[in-house]
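Reader: Hi! Could you walk me through the side-chain packing in this one?
Author: Happy to, here it is.

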Amino acid sequence: MATLVSVNVGMPKDVAWRGTTVRTGIWKQPVTGPVTVRRLNLDGDGQGDLAGHGGEQRAVLVYQLESYRHWQQYMKRDDFVHGQFGENFTVDGLADDEVCIGDRYGIGEAVFEVTQPRVTCYRVGLRLGEPQMAALLVSHHRPGFYMRVLTEGRVRAGDEIVKIASGPETMTVAEIDALLYLPGHPRQGLERALRIPALSPGWQTSFRALLADADGDSQSESGNSGLTITAPPPAWPGFRPQEIVGIEPESASIFSLTLASVDHEPLPAALPGQYLGIRLQPDPQGPPVIRNYSLSGRPGAETYRISVKQEPHGVASTYLRQHARVGDTLDVAAPRGTFLLKDADTPVLLLSAGVGATPVLAMLQALAAQRSPRRVWWLHAARDGANHPFAEETRTLLGRLPASRSFIFYSAPRDTDRPGVDYTSAGRLELERVRDLQPPQDADAYICGPETFMKDMTEALAACGLSASRIHIEIFGARSAITPGVVAGPAPAPHQPARVPGGRAGPSVSFTRSGLTTPWHPEYGTLLELAEACDVPVRWSCRTGVCHTCETALVTGSVGYSPEPVELPAEGSALICCSTPTADIGLDL
Ligand SMILES: Cc1cc2nc3c(=O)[nH]c(=O)nc-3n(C[C@H](O)[C@H](O)[C@H](O)COP(=O)(O)OP(=O)(O)OC[C@H]3O[C@@H](n4cnc5c(N)ncnc54)[C@H](O)[C@@H]3O)c2cc1C
Ligand code: FES
């Protein structure tokens with residue numbers, strides 16, 4: 001008979017960590033006497049970061065004494081106390097390779113159902129003083145698990161744990177954990193997991209993505225699509241010269257460059273929504289600059305087209321405007337990106353402002369080339385007719401679609417701009433405008449433009465009933481950071497590291513979205529830590545090669561891993577939390 005050995009609770013507190021403050025509820029203390037378990041929590045318990053922990057599916061975290069013994073031996077430690085692994089229930093019995101998702105247990109007055117393994121996160125490593133802990137829990141098949149509360153009631157240390165029902169498919173916690181995190185993801189296992197209603201919705205979404213990959217429906221071929229959005233591997237590594245074969249004005253400030261392979265062979269097909277990296281040398285004495293440009297031409301065409309807005313004082317866009325000539329060659333990195341038009345038969349909303357039209361124009365091109373029967377709405381915001389790129393081209397493309405609608409908003413139309421012909425409405429494309437149009441709720445929306453525009457459109461579409469999973473955005477700059485639990489401080493602009501380690505500098509590291517190049521030095525530890533030293537916005541969760549939150553496109557160069565990640569990232573990407581450069585690299589950060 002399994003037993004509840006200790007009931008542990010703790011409220012979030014601030015902890016100093018690597019020069020920042022982390023708000024975390026990982027420190028739990030044993031409670032003597034009865035504790036009431038409620039649907040979302042035990043009384044007296046809380047989580048610092050509800051995005052990753054807590055909530056109905058993750059109300060109670062369970063960890064086993066047997067695993068305590070395993071880690072004591074493995075780490076040669078004898079200082080563990082109950083609650084050491086952040087768990088609410090320390091139990092004797094209920095091993096991860098015996099307990100199944102969907103199993104139900106009675107403890108004291110309460111009834112529980114097993115929903116998912118523990119999610120990997122750096123905070124368990126923080127609590128144990130062992131940064132690799134998140135990876136070790138997975139690789140040693142000892143994650144522990146979460147339960148939802150079916151019947152609220154009191155529990156206390158010493159209560160017997162009575163199994164009430166077995167989950168369907170008898171898939172153990174250890175098996176489900178390995179199915180998501182370890183390489184392989186066998187199809188049959190994914191199908192079985194998806195037949196367990198008790199499995200939490202988050203894990204179901206991950207397994208559905210992996211299954212789509214196994215079915216070949218998804219556009220990726222490597223990496224873990226259950227943990228991050230993946231894309232096909234880049235068609236070539238690093239940069240290749242391509243010839244400029246056309247230069248066209250598109251509006252007062254935007255011009256297009258058409259690129260062809262130097263041997264005049266057709267270029268590898270890009271997917272609608274992808275972007276290229278271009279490497280330029282505006283200053284012959286300075287480091288090269290790398291900039292991304294979304295492909296605006298028809299996906300599958302023999303040439304690529306990019307459309308560049310000349311930014312006042314912008315290094316690359318000004319250089320291209322002033323120096324690019326037909327017949328010149330440019331160093332071009334293969335198309336990349338995960339802002340991709342999904343294959344479906346549901347409606348499509350393409351929303352853009354200014355030069356943000358480029359990736360959604362490629363999507364419109366793809367839909368028009370297929371004469372797609374889908375309902376397609378084109379919403380574009382521009383200042384006036386002089387600053388309205390691709391006006392004629394989009395009209396023609398929309399005309400080829402049987403079910404298209406177009407809404408053009410000019411914020412400051414000129415006298416010569418014709419309402420009803422050049423534009424639909426005067427004024428800005430704002431939340432209320434979108435709401436008034438009542439877009440279809442089953443549409444997938446693709447948005448690109450300035451940050452405030454994308455924020456407004458996302459809010460507007462959510463208010464119209466579109467689920468978050470149907471709203472996709474492309475950011476023409478650094479992505480927002482994901483730093484779970486870290487108490488937000490000021491976000492300085494990316495800069496060279498404040499302290500440059502002594503000794504010989506290593507390969508150069510370019511953070512392309514942040515426009516920063518800096519030399520590597522082993523003292524930084526990992527590429528993630530170098531990015532942090534430069535205040536380049538980064539995304540991470542486990543910091544030890546399990547969760548793929550830090551997966552970043554590697555525009556050029558190569559990396560080595562230490563420790564080896566649990567599963568390698570998609571080809572052409574790097575897990576920056578556990579890698580170092582082995583050559584000059586460009587990271588899409
Ligand atoms: C995925 C992706 C897709 C993209 N697609 C496109 C696209 O299709 N078309 C496109 O045009 N861009 C696109 N971009 C943006 C593009 O990569 C460049 O960031 C953009 O062209 C600006 O680069 P730049 O070198 O000209 O400007 P930078 O020199 O990098 O300057 C950036 C900004 O700072 C301002 N600035 C620079 N120096 C000064 C100064 N001294 N004083 C005041 N302000 C200053 C510039 O005006 C500019 O707005 C995309 C970016 C990403 C990440
Ligand atoms: S942060 Fe989890 S794999 Fe890098």
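Reader: How many aromatic pairs does the structure hold?
Author: There are 16 aromatic pairs, where a pair means Phe, Tyr or Trp rings (six-membered ring for Trp) with centres within 6.5 Å; planes under 30 degrees apart are stacked, over 60 edge-to-face and the rest tilted. Tyrosine 63 and tyrosine 68 make a tilted one, at 6.3 Å centre to centre and 45° between the planes.

Reader: Before we go on, what kind of model is it, and how are residues numbered?
Author: This is a predicted model, with local features needing pLDDT of at least 70 and side-chain atom pairs pLDDT 80 or more, while totals for chains, interfaces and linings use all residues. Residues count from 1 along each chain as its sequence is written, chains are lettered from A and ligands numbered from 1 in the order written, and side-chain values use heavy atoms, without hydrogens and water.

Reader: Thanks! Is tyrosine 63 buried or exposed?
Author: Buried, with a relative accessible area of 0%; buried means under 20%, exposed over 50% and partly exposed in between, using a 1.4 Å probe and protein chains only. Tyrosine 68 is buried as well, at 4%.

Reader: Which residues form the aromatic cluster?
Author: Tyr63, Tyr68, Phe80 and Phe85 form one cluster.

Reader: New topic: what lies over the face of tryptophan 377?
Author: Arginine 405 does, at 4.9 Å from the ring centre. The cut-offs are NZ of Lys or CZ of Arg within 6 Å of the ring centre and within 35 degrees of the ring normal. Tryptophan 377 is itself buried, at 3%.
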